[in-house]
Amino acid sequence: MDFFDKAERAGIIPVVVIDDASDAVDTARALLAGGISFMEITLRTACAPEAIRLVKENVPEMTVGAGTVLSLKAARTAIEAGASFIVSPGFVPEVADYCVTTSIPYIPGCVTPTEIIAAINKGFDVVKFFPASVYGGIKAIKELASVFRSIKFLPTGGINGDNLEDYIKEPYIAAIGGSWVCPAKLIASNNFEEITARAKDAVGKIRAVREG
Ligand code: 3PG
């Protein structure tokens, strides 16, 4: 099963902002304990590559990727650190080309038809839709999906335990993402039990929708 099949089966890729690399392994383990085996560590903090490296080395059951990848240089840094996949908030052609050449899974951010067409023409079939709550939420994605039938979406931005069902129930949603499962505050205060509880809650809701 390839990365995209596994991510779709999981249904959730939490967005993680790590301020102190020494919290990365505990955060990964807390997510795993709650049933989540994917995490996107964002390159918004200086320690993010080190956090990716620590998770990759110490938590082999976790598939760790890099988010907020804005340039080819950043993509290379993340991949060298051990990122198994790359996510950008927008469509970055240089990163797209590099990931195609190196066979690294890439999820570009696309909210307009033009961006989605650019992604399709580079061979991608999963795009991030960010910030989902601002760009029309599931209503907008539904319209786009009716036109771009080969594409599945990873919505993030404003998704949480109260509204995730609205997204995950639709067949054109590959998975959902967001920071609510392990927000920086919970990580910084080492409240890993709460992270596990939020992960369990999300996984339970995703399962209930899909099996119901
Ligand atoms: C992202 O990078 O996708 C966003 O930070 C997620 O948005 P959220 O914080 O509203 O979940």
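**Entry 1: the model.** I am working from a predicted model, and I started at the ligand.

**Entry 2: who surrounds the ligand?** I looked up which residues surround the ligand. The list runs V15, R44, K128, F130, T156, G157, G158, G178 and S179. I then sorted this shell by type and got five polar residues, two charged and two nonpolar.

Entry 3: I went through the ligand's oxygen atoms next. A polar side-chain atom of S179 sits 2.6 Å from one oxygen atom of the ligand. The backbone also takes part: a polar backbone atom of G158 is 2.9 Å from a ligand oxygen, and for a polar backbone atom of G157 I noted 3.5 Å. How much of the ligand's accessible area does the protein cover? On its own the ligand has 310 Å², and the protein covers 80% of that.

**Entry 4: the largest core.** I moved on to the nonpolar residues. The largest nonpolar core has 68 residues. I checked which members touch the most others, and wrote down L31, M39, I41, V55, I86, F153 and I176. Helix α10 (residues 192-211) gives this core its largest share, six residues.

**Entry 5: a closer look at I86.** I picked I86 from that list and left out its neighbours within four places in sequence. I86 is then in contact with A66, V69, A75, A78, I79, V95, C99, I104, P105, Y106 and I107.

**Entry 6: a second core.** I also found a separate core of 11 residues, with A7, I107, V126 and A174 among them. I107 had already come up in my notes as a contact of I86.

Key
Residues numbered from 1 in each chain as written. Predicted model: local features only at pLDDT ≥ 70, side-chain atom pairs only at ≥ 80, totals over all residues. Heavy atoms only, no water. Near = heavy atom within 4 Å. Polar contact = N/O pair within 3.5 Å; in protein donor to acceptor, adjacent residues only side chain to side chain. Areas by Shrake-Rupley, 256 points an atom, 1.4 Å probe, with all protein chains shown as cover. Nonpolar A, V, L, I, M, F, W, Y, C, P; charged D, E, K, R; others polar. Core = buried A, V, L, I, M, F, W, Y, C linked by side-chain atoms within 4.5 Å. Buried < 20%, exposed > 50% of the residue type's maximum accessible area, 1.4 Å probe, protein only. Helix = DSSP H or I, 4+ residues; strand = E, 2+ residues; numbered from the N terminus. Contact = heavy atoms within 4.5 Å.
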